[in-house]
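Subject: Structure handover

Hello,

Here is the structure I promised you. Please open it first, then read the notes below it.

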Amino acid sequence: MLDLRLIREQPDLVREALRKLNTEAPIDEILTLDERRRQLVAEVERLKAQRNAESKRIGQMPPGPEREAAIAAMRALGERIEELDRELAAVEERLQALLLEVPNLPDPDVPVGPDESGNVIVRHWGEPRTFDFPVKPHWELAEELGLIDFERGVKIAGSRFYVLRGDLARLQRALIAWMVDLHVNEHGYLEVYPPFLVRREAMIGTGNLPKFGDNLYHDEETDLWLIPTAEVPVTNLFRDEILPPGSLPIYLVAATPCFRKEKVSAGRDVRGIKRVHQFEKVEMVKFVEPEHSDEELQRLVADAEDVLRRLELPYRVVQMCTGDLSFTAAKKFDLEVWAPGSQEWLEVSSCSNFRDFQARRANIRFRPSEGARPQYVHTLNGSGLALPRTLIAIMENYQQPDGSIEIPAVLRPYMGGQERIGPQPAYWEPAQARRAREQALAGDG
RNA sequence: GGAGAGGUGGCCGAGUGGUCGAAGGCAGCCGUCUUGAAAACGGCAGGGCGAUGGGCCCCGGGGGCUCGAAUCCCUCCCUCUCCGCCA
């Protein structure tokens, strides 16, 4: 949410910023409502002051006709106040609803562009691997090695659902554990395990509602919403709180499933697990003092990059231009990893500075020093990383001539020392093998 | 899910429809005293809005009755106790 004062005092600056975002917002109606609201507040407060004083006086009067007359006179005033209060409430409700639909303003140094074509590649890291055999996309590798059961995923839950099998399911688990450990041990984050279902207010706090409800799964009966990212519950940890002096910065990391309807992109990226309704993600969230959010964003990007470097996956850092910024971000960098099989750059991380936009919505403040007035914090978050696309990148970059997949060195300790992923057993094989073992033992004894 | 009890300032805890933004205690800050500290004594001390013009709003959230609500009514949320169920 933008500062209403900013819209009031510098409407042209706001209009210009919205134009850069290639979007529109009802600034004129907001200004009109704000003007009316302030008139009403002044009037109603004046009348209430009058009522308070008079009521106090009535309280001290002895019973009698004089007192009755005073009460009768106040009844009329009360009705007038109620009338004005009703109008004020209506104006404020409308104003609030409009404000919740105005996007954040881009930082002045964000490149201006109409859409993703205006994004700027900031830097590259690593050389794309060369292969002396035909490279395969991950869905072929997965099919051949039995790593993903697409058909049964669809049978259970519908399109864009999948089942990871055997060593790939384990690799995902290893990646999550390793990534969280990395952020905790090397980058200074505290691990948290939040709810995956949240109230409406939490979704409003992070900016997912009211505008983007059509991408969220929702339970009508309880009015709970499935999180599309850990950003939602983790950012809302401190909703309606004033953090005491000295408590910032706060760095949190959480591994959670994410649920997205992805209705907007029906038909796109249907092969493999690039775009799915349910996926795991390790998410970093920061609460910082406003003066430090610029440098904190750079460090956040570096923390996410560190994951890819240690996995030895070539990637590039892309800065979003104004036309491709999300609703809530003032500045955003994506990390895109090269997938040689799919022949495309995959977005595995998105790191944003929201400045006070979310803090204002969620009412998250801090006290700079003892006795000082509370201020809004700045919030930031970044993926570190999203799992399906990281799995894709590993499968495609680490594929071998024989069709197997090498396990990145840093993950081997999390895979019991295993170095390679080969063909996976059928669903029934492990149990049959165990039964055979047991029968052999029984026969020996 | 059923029955009951509650939600008051950083914490604990009073509070009869008017003199209550709220006693008292603890913690906190400043001062006096002291070589210093403790103790004692004195003082300060919640959040928000706002055209800084007084003022207005906030006793879990919202609504209502009333001239007037922390106090009465409705509703939602939350906590606790007992029963049931459950990993």
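First, a term for the sheet: two strands count as paired if DSSP finds at least two bridges between them. Keep in mind that this is a predicted model.

**The sheet**

In β14, Ile 364 is the bridge partner of Glu 241. β8 and β14 (residues 364-366) run parallel, and three bridges join them. They belong to an open sheet of three strands, in the order β8-β14-β15, with mixed pairing. β8 (241-243) and β15 (375-376) are the edge strands, each pairing on one side only. In general, strands of a sheet pair through backbone hydrogen bonds, either parallel or antiparallel.

**The RNA**

RNA strand B is surrounded by 21 residues. The closest are Ala 42, Arg 67, Arg 75, Arg 199 and Pro 374. By class, this surface has 12 charged, six nonpolar and three polar residues.

Where does the surface come from? α3 (27-60) and α4 (65-99) each supply at least two residues. The largest share, 10 residues, comes from α3.

Which part of the RNA faces the protein?

- Arg 367: a polar side-chain atom lies 3.0 Å from a phosphate oxygen of RNA strand B.
- Arg 38: a polar backbone atom is 3.1 Å from a base nitrogen of RNA strand B.
- Ile 71: a polar backbone atom is 3.3 Å from a sugar or linking oxygen of RNA strand B.

Best wishes

Key
Residues numbered from 1 in each chain as written. Chains lettered and ligands numbered in written order. Predicted model: local features only at pLDDT ≥ 70, side-chain atom pairs only at ≥ 80, totals over all residues. Heavy atoms only, no water. Near = heavy atom within 4 Å. Polar contact = N/O pair within 3.5 Å; in protein donor to acceptor, adjacent residues only side chain to side chain. Helix = DSSP H or I, 4+ residues; strand = E, 2+ residues; numbered from the N terminus. Nonpolar A, V, L, I, M, F, W, Y, C, P; charged D, E, K, R; others polar.
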